[in-house]
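Please open the structure in your viewer and keep the selection panel at hand.

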2 protein chains.
Amino acid sequence: MEKFEINILGCGAALPTPKHLSSVQVVNVREKLFMLDCAEGTQMALRRSHINFTHLRAIFLTHLHGDHVFGLIGLLSTLRLLGRLQSLHVYGPQDLQCIFQPQIDYFCAESPFEILLHEIDTKKPQLIYEDRSVEISTLPLSHRVPCCGYLFREKPTLPHIRRDAIDYYQIPLSQINNIKAGMDWTMPDGTVIPHQRLTTPPDPVRSYAYCTDTAFRPQLADLLQGVTCLYHEATFTSEHALLAKNTHHSTATQAAEIAKDAQVGKLMLGHFSSRYKSEEMLLQEAQRIFPNTLLANDGMKVTL
Amino acid sequence: MEKFEINILGCGAALPTPKHLSSVQVVNVREKLFMLDCAEGTQMALRRSHINFTHLRAIFLTHLHGDHVFGLIGLLSTLRLLGRLQSLHVYGPQDLQCIFQPQIDYFCAESPFEILLHEIDTKKPQLIYEDRSVEISTLPLSHRVPCCGYLFREKPTLPHIRRDAIDYYQIPLSQINNIKAGMDWTMPDGTVIPHQRLTTPPDPVRSYAYCTDTAFRPQLADLLQGVTCLYHEATFTSEHALLAKNTHHSTATQAAEIAKDAQVGKLMLGHFSSRYKSEEMLLQEAQRIFPNTLLANDGMKVTL
């Protein structure tokens, strides 16, 4: 299967601790790298994880709270020093430009690559990025400031060629791409071999949804139906449900309810409040509702 | 002796690495904390070093290059979340306000404490901070942008009381502060005991100079005469002297020449280029000229 991997670089909430950086992840889809949020310390975490900076295609910011964006200017500045040439696209809510353009102009003045800031409307789901491998759409969230999650859905791949069948029917290699694309094969005697006999079905399409920060938002489940993996914030345990409500965050139970309603493949919890010495309580709470739940952790790699 | 301690939190150059954060230190003078520069990752380094955020009095920035300031907004934002009430003074060169005030207004909007940005003229040495324990002055440096170092000089302390002499002459405890301040003691029979006999001399006055980033600047030695400890940037070895010159940085040899001319107590090298796997070469180079040289390192504590 082609690579589809989530690298968790930070999964803490507002206050970074020696255990967790604040929010930042890198999604690797077929060796193209996409960053989700950009907490302070992102560039150091990239180095520790041996992630190749230069393969970074775009950065997607959920919202303009410090714990999701304070690493951006340092990362851009370092990419400049490393001599990046390829343009870099940064997506985020309104105010992205008025906040970051002055910093970029000052600190990355002679940048050899273009930094393009794209402000997005966080209120409606929309496709904002597409290439041959993946589509990335926004997911409206409910937070104290404009905020959206991101949904990665890989493009369908072609069926796999059955090497044994190709050999058996003595089909020239030059025809393989045509057969993958759906062409049947006609033998010299006129017999038609349907392409289904020459191939096995393509890999299932995988998807990843990144939902942080958000209050409990039941209607989110409609947009998340069947995603392979859902990362959902679980800042608090149910014991702190009122605090969650007041600060527009979710409890582990609420995250699990979304996962259950959306029938996702697995749920990953993150954005942990620094008040919890261990996140085991959050995990247990979520697993009561949605068993296939795991805890994110800095340095963790999840392969879909 | 009263505490005078330098905590090196980061001593790398422009590119932070897993080994070194960029520039940031905390100077502890009698439990008052002063920060020098504020690289990305400062708040995490403070936590790792168990330094108490709340004792932070002021932050002194040498210049507005990213590797010296990218941790500032994260630190201020976290102090806000921790509920700091005491005003915090931040000193730095021109443009400090136009760069940081908008960030502060946006990310620390409801800060319970006042953040005061002070722009200083880096071209002339001047006293910019003073309290009962310490005086802090600027040191003009030569870099690509306005830049100054900082000189900490503790205030003289009073002589130490000789407990044995106080007991011998049966002097009431209420008089100790007067004697420390220079009063002689008159015995009931009229004999005068000079205060020198009742005290031992005060601790010598200690000083610390922080000089980064700078090209070789021989006249700097005049301002550094006899400082207890000099931190001087040594971005490069002499092999890269031309690169040092072109980028307005110093070699280890040049740092040692300043230390020798100024007859400082000890020299600490820092701001190491990430190109060197080991800094041993820099140390050897400097020690040939000024033997009492040491290498800074992240997490190191130097007691004066």
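The model is predicted: local features need pLDDT of at least 70, side-chain atom pairs count only at pLDDT 80 or more, and totals for chains, interfaces and linings use all residues. Residues are numbered from 1 along each chain as its sequence is written, while chains are lettered from A and ligands numbered from 1 in the order in which they are written.

**The sheet of chain B**

Select β7, β8, β9, β14, β15, β16 and β17 of chain B. These 7 strands form an open sheet in the order β7-β8-β9-β14-β15-β16-β17, with mixed pairing. Strands (E, at least two residues) and helices (H or I, at least four) are DSSP runs numbered from the N terminus; two strands pair if DSSP finds at least two bridges between them. At the edges stand β7 (127-130) and β17 (293-295) of chain B, each with a single partner strand, so one side of each has no neighbour in the sheet.

Next, select residues 229-233 and 266-270 of chain B. These strands, β15 and β16, pair in the parallel sense over 5 bridges.

**Strand β15 of chain A**

Move to residues 229-233 of chain A. Is this strand buried or exposed? In β15 of chain A, 5 of the 5 residues are buried, so the strand is largely enclosed by the rest of the structure. A residue is buried if 20 or more other C-beta atoms, placed from the backbone, lie within 10 Å of its own. A:Cys229, A:Tyr231 and A:Glu233 point one way from the strand, and A:Leu230 and A:His232 the other way. Now centre on A:Leu230: A:Ala209 stands opposite A:Leu230, and in β16(A) the bridge partner of A:Leu230 is A:Leu267.

**A helix pair in chain B**

Select residues 72-81 and 96-107 of chain B. Helices α3 and α4 pack here at an angle of about 35 degrees, with axes 10 Å apart. Axes are lines fitted to C-alpha atoms over the stretch in contact, and angles run from 0 to 180 degrees between N-to-C directions. The contact includes B:Leu72 and B:Ile73 of α3(B), and B:Phe100 and B:Phe107 of α4(B).

**Where the chains meet**

Finally, display both chains. The contact takes 23 residues from chain A and 23 residues from chain B. On the side of chain A that touches chain B, α3(A) gives the most, with 5 residues.

Terms used
Two residues are in contact if their C-beta atoms, placed from the backbone, lie within 7 Å. A residue is buried if 20 or more other C-beta atoms lie within 10 Å of its own, exposed if 12 or fewer, and partly exposed in between; C-beta atoms are placed from the backbone.
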